[in-house]
Amino acid sequence: MINLIRKDILIALTKWNVITMIFLSIFYFIILDGISVEKRLLFLAAIVPFFIMQISFSFDDRNKSIRVIRSLPVRAEEVIYSKYLGMMIIFAAVTLVLQAILLVLNLFGLNIGIISWHKLLLSGVFIMLVTSISFPAYFKLSYSKSRIFNILLYVFIFIMLNSFFTSDMDMLYSVSKYLDKVNIYFILLVLVTILIYFISSIISINLYKTRDL
Amino acid sequence: MDKILEIKDLKKDYKNFSIKDLSLTLDRGYVMGFIGPNGAGKSTTIKLIMNLIRKSSGEIKLFGLDNIKNEREVKERIGFVYDENYYYEELTIDKMKKVIAPFYKNWSEDTFNRYLKDFDLDKNQKIKKLSKGMKMKFSLAAALSHKAELIIMDEPTGGLDPVFRREIIDILYSLIQDENKSIFFSTHITTDLDKIADYITFINDGQLVFSKEKDEIAESYSLVKGGLELLNSESKKDFIGIKRNSFGFEALTDKKQELIKKYRDKAIFEKVSLEDIMFYTVKGENL
């Protein structure tokens with residue numbers, strides 16, 4: 001499975017894709033001018049993994065390259081689990097990079113602090129929930145056919161995130177404040193999300209297995 | 001004998017096409033040419049073998065193992081070459097190799113590099129920049145670099161110029177000197193099989209026409225030429241396909257020995273090519 005995740009990262013992180021991602025990140029950073037640096041980075045942590053996975057799906061679909069992957073010694077289940085697990089690994093990697101950036105900025109005296117672990121965990125929960133909706137569509141319909149559905153989903157996410165970060169109520173922070181400590185609600189939220197994520201992967205496997213490549 | 005590929009009563013139903021009860025067997029160390037006109041079901045059969053599409057019913061065994069239950073194990077021992085390039089076009093040959101190689105326990109870097117050298121492939125070249133022939137050579141290099149016991153090829157020579165085609169056939173010819181390797185080679189260019197195939201399996205409209213040793217085909221099939229007076233409702237049953245012309249008729253039969261005795265010097269019997277067999281079988285009597 002690790003080879004499949006490696007493959008996704010390798011095909012997504014080509015020179016031009018990395019340049020595009022950096023430019024888009026800077027673009028997001030600029031248009032979200034009204035909110036703090038920490039929140040903007042949190043926003044990027046939620047968006048970038050989707051972007052990388054989107055590229056991976058599009059490359060699998062374009063030129064029908066998934067046929068090569070499925071002809072290698074891998075099972076259908078591994079293809080699905082690798083995407084779900086890969087999403088989390090990419091999210092972890094992106095947040096690590098962002099935390100590193102914050103640390104460097106702090107070293108230069110900007111005094112921004114780093115993103116707290118529970119906020120990151122909430123971002124992770126958010127990504128897992130969106131992925132749980134998004135991935136079954138990919139596996140049932142292929143990337144090109146599910147694109148419209150997923151673009152609408154991402155626009156919805158963007159608007160949601162934007163309103164979370166910019167509203168007076170600052171909903172994410174209200175939620176994170178409520179879930180500030182490791183209490184029963186926090187644990188429940190994480191556990192239910194993991195369960196949904198797992199159920200979504202099982203649904204994806206069943207949908208994928210009925211599809212002719 | 002050691003059976004490398006066994007297909008039993010395979011069915012795959014689509015809306016307007018189906019593979020119907022296909023059965024065939026390939027033993028270790030042999031080359032099977034899988035022929036049929038375009039749309040006969042060759043690629044569908046190969047996709048079923050590779051578990052890229054779901055079968056409706058039937059059984060596919062590779063190396064004696066079920067191709068779905070033991071998917072990983074069997075694919076470890078298969079090298080595949082498809083009719084089109086399905087590799088990631090944006091990647092270079094080297095990066096694509098880095099994607100494929102870790103999946104195989106027996107991947108040989110030396111073998112791969114040797115093939116790149118032999119095929120004159122630059123590992124820093126992007127796949128999208130390669131010509132069709134070079135893409136095919138890259139596919140072949142990847143298929144041959146992990147000690148595969150069965151090479152499955154779907155129309156590898158389709159769309160290639162004669163020079164590239166000859167080169168590919170020569171590579172396969174040198175490959176079959178290793179008695180442990182088997183090749184399942186689908187094509188509609190039947191002349192490609194003259195040099196390398198031991199067995200020929202012919203399908204038409206999703207149905208098996210025959211699966212025989214190449215020599216056996218030469219013994220039983222023949223082109224028959226004669227006058228139109230030989231054709232009547234009874235004699236027509238001896239022929240698979242008949243073509244009439246101003247001089248008489250030309251027909252395909254699979255009862256060569258029987259008809260030689262029957263018609264003696266009234267008809268001429270000529271050696272038949274696989275292309276003739278395909279042509280007359282597909283067209284039938286209506287020529």
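1. What share of the 213 residues in chain A is buried? Buried residues make up 31% of chain A, where a residue counts as buried if 20 or more other C-beta atoms lie within 10 Å of its own, as exposed if 12 or fewer do, and as partly exposed in between, with C-beta atoms placed from the backbone.

2. On the basis of the note: this is a predicted model, in which local features need pLDDT of at least 70 and side-chain atom pairs count only at pLDDT 80 or more, while totals for chains, interfaces and linings use all residues. Residues are numbered from 1 along each chain as its sequence is written, and chains are lettered from A, with ligands numbered from 1, in the order in which they are written.

3. On chain A: nine helices and zero strands are assigned, helices (H or I, at least four residues) and strands (E, at least two) being DSSP runs numbered from the N terminus. Read from the N terminus on, the elements of chain A therefore run α-α-α-α-α-α-α-α-α. Among contacts in chain A between residues at least 6 apart in sequence, 77% join residues at least 24 apart, a contact being a pair of residues whose C-beta atoms, placed from the backbone, lie within 7 Å.

4. On confidence in chain A: the mean pLDDT (the predictor's confidence in each residue, from 0 to 100) is 82, and 89% of the residues of chain A reach 70 or more. Among the elements of this chain, helix H4 (residues 66-71) of chain A has the highest mean pLDDT, 92, whereas helix H8 (residues 171-178) of chain A has the lowest, 56. Where pLDDT is low, the predicted coordinates should not be read in detail.

5. On the contact between the chains: chain B contributes 23 residues and chain A contributes 20 residues. On the side of chain B that touches chain A, the elements that give two or more residues are helix H2 (71-76) and helix H3 (93-100) of chain B. That side of chain B divides into 14 nonpolar, no polar and nine charged residues, with Ala, Val, Leu, Ile, Met, Phe, Trp, Tyr, Cys and Pro counted as nonpolar, Asp, Glu, Lys and Arg as charged, and the others, Gly among them, as polar.

6. On the domains of chain B: the assignment gives domain 1 (3-212) and domain 2 (221-283), with bounds that come from an automatic or database domain assignment. The C-alpha centres of the two domains of chain B lie 35 Å apart, and eight residues of domain 1 are in contact with seven residues of domain 2. Strand S9 (residues 199-204) of chain B provides the largest share of the domain 1 side, three residues, and by class that side has six nonpolar, two polar and no charged residues.

7. On strand S9 of chain B: five of the six residues of S9(B) are buried, so this strand is largely enclosed by the rest of the structure. Strand S3 (residues 31-35) of chain B pairs with S9(B) in the parallel sense over four bridges, where two strands count as paired if DSSP finds at least two bridges between them, and B:Phe34 stands opposite B:Thr201 in S9(B). S9(B) also pairs with strand S10 (residues 207-213) of chain B, in the antiparallel sense and over six bridges, with B:Phe210 in S10(B) as the bridge partner of B:Phe202. S9(B) and S10(B) form a hairpin with two residues between them, and B:Asp205 in the turn has a positive phi of about 50°.

8. On the sheet formed by S11 to S14 of chain B: four strands make an open sheet in the order S12-S13-S11-S14, with antiparallel pairing. Strand S12 (241-245) and strand S14 (267-270) of chain B are the edge strands, each pairing on one side only. Neighbouring strands of this sheet are turned by 20° against each other on average, direction ignored, the axes being lines fitted to C-alpha atoms, for helices over the stretch in contact, and angles running from 0 to 180 degrees between N-to-C directions.

9. On strand S13 of chain B: five of the six residues of S13(B) are buried, so S13(B) is largely enclosed by the rest of the structure. Strand S11 (residues 222-226) of chain B is joined to strand S13 (residues 248-253) of chain B by five bridges, and the two run antiparallel; B:Leu223 has B:Leu252 as its bridge partner in S13(B), and B:Gly226 has B:Phe249. S12(B) likewise pairs with S13(B) in the antiparallel sense over five bridges, a hairpin joining S12(B) to S13(B) through two residues. Here B:Ile242 stands opposite B:Ala251, and B:Lys243 has B:Glu250 as its bridge partner.

Terms used. Contact = placed C-beta atoms within 7 Å.
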